[in-house]
Amino acid sequence: MTSIKAIAETPEFSFLPSTHPYFENQNGLESVNAEDSIPTIDFSLLTMGSPDQRSKVIHDLGKACQEWGFFLVINHGVPEGLAKGVFDAADEFFNMKDEEKKEFEAKHPLAPISCGNSFHNADKNKIFLWRDYLKVISHPDFHFPKNPLGFSELALEYCKKSREVAMELMKGVMESLGIEEKEMKKSLNLESGLQMFAVNLYPPCPNPEAAMGLPPHTDHGLLTLLMQNGVEGLQIQHNGKWVIINEIPNSFIVNVGDQLEIFSNGKYKSVMHRAIVNDKIKRLSIAMPHGPSLDTIVAPCSNLVERTAQHSAYIPMKYKEYIEQMIIQAMKRKPILEQVRIR
């Protein structure tokens, strides 16, 4: 495995390697800057606000999930210094020699620790992307590389605090659907829910218009929390266009995942998004998908279906199987979410 970072730092490097151009029909979608920013949720008002303030935040959460599938979260309580420490340690990890990371070349999408740069290491066609990644399972059991020193301890604290934010957001989202907390926890087994810690490094690219950091995709879980190093690069599909996300410093960018779309019976949308690259400065992002337990069979919430007098719009599937199928179908450019929708 040769890292993209190593390729980008080669002295004679000045053009995109022949293995890395990424060309795919984007259905004529154009890229634009957002005229309207994605919704912003003040987490402190959700957890410590007055009843009226909390009620408004719940309403805003539901509207954001329905209309955008994305929102920003501010005042979330995860210390800025902790986040900076994790980003700095992640930078150190990617500065390690490729041989030191070789043991983490995974062959399975649910390997406890994996790193690489293609869409997935098991992809025989090798969809090479302009990024290096480290991905670990951080809940219900915490896994992490032992080097660089201190990274594991920082990441563990960051994961715990991010999960607390995610669970409070999930309660708010469910409340906006009229689903009680105990029903949410029972149906999705969130006590043993999956949390992943995924760091992506996007080095400067000499031909950014011909490369891709991450191709268009949706996320497999319930909610994903993402933080960046201040460099933009995340685009989402909205109103038929690719819209760049303009973040607020020290905010989380949160998006609806496939399992939440399924559980809400399609009311809340898991939206296509992608990562683009630039030719000037490296971008780092930490994405943390949060999902049900791997053994949970996820289906539209029965009480929600009954209350809205609708039919179930999705085929039930075990979460673990969904993730495995998602990787297989992504290699074939066939989104798994489309295949579990009942037409």
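Predicted model: local features only at pLDDT ≥ 70, side-chain atom pairs only at ≥ 80, totals over all residues.

Student: Okay, which residues touch the most other members in the largest nonpolar core?

Tutor: That core has 60 residues, and those touching the most other members are Phe71, Leu134, Phe151, Tyr158, Leu169, Met174 and Phe197.

Student: And which helix gives the most to this core?

Tutor: Helix α6, which covers residues 151-177, gives the most, with 12 residues.

Student: Switching to helix α7, which of its residues are buried?

Tutor: In α7, residues 181-188, the buried ones are Glu183, Met184 and Leu188. Looking down the helix axis, you would find these buried residues within an arc of 105°, so they line one face of α7.

Student: What does the face turned away from the buried side carry?

Tutor: That face of α7 carries Lys182 and Lys186, which are exposed.

Student: So what covers the buried residues of α7?

Tutor: The cover includes α6, together with α8 (258-263) and α9 (302-307). Just after α7 comes Asn189, which takes a positive phi of about 50°.

Student: New topic: how many disulfides are there?

Tutor: The count comes to zero, with a pair needing its cysteine sulfur atoms within 2.5 Å to qualify.

Student: Then are Cys159 and Cys205 buried or exposed?

Tutor: Cys159 counts as buried because its relative accessibility is 3%, and Cys205 counts as buried because its relative accessibility is 1%; the cut-off for buried is under 20%.

Notes: Residues numbered from 1 in each chain as written. Heavy atoms only, no water. Buried < 20%, exposed > 50% of the residue type's maximum accessible area, 1.4 Å probe, protein only. Core = buried A, V, L, I, M, F, W, Y, C linked by side-chain atoms within 4.5 Å. Helix = DSSP H or I, 4+ residues; strand = E, 2+ residues; numbered from the N terminus. Arc of directions from axis to C-beta. Contact = heavy atoms within 4.5 Å.
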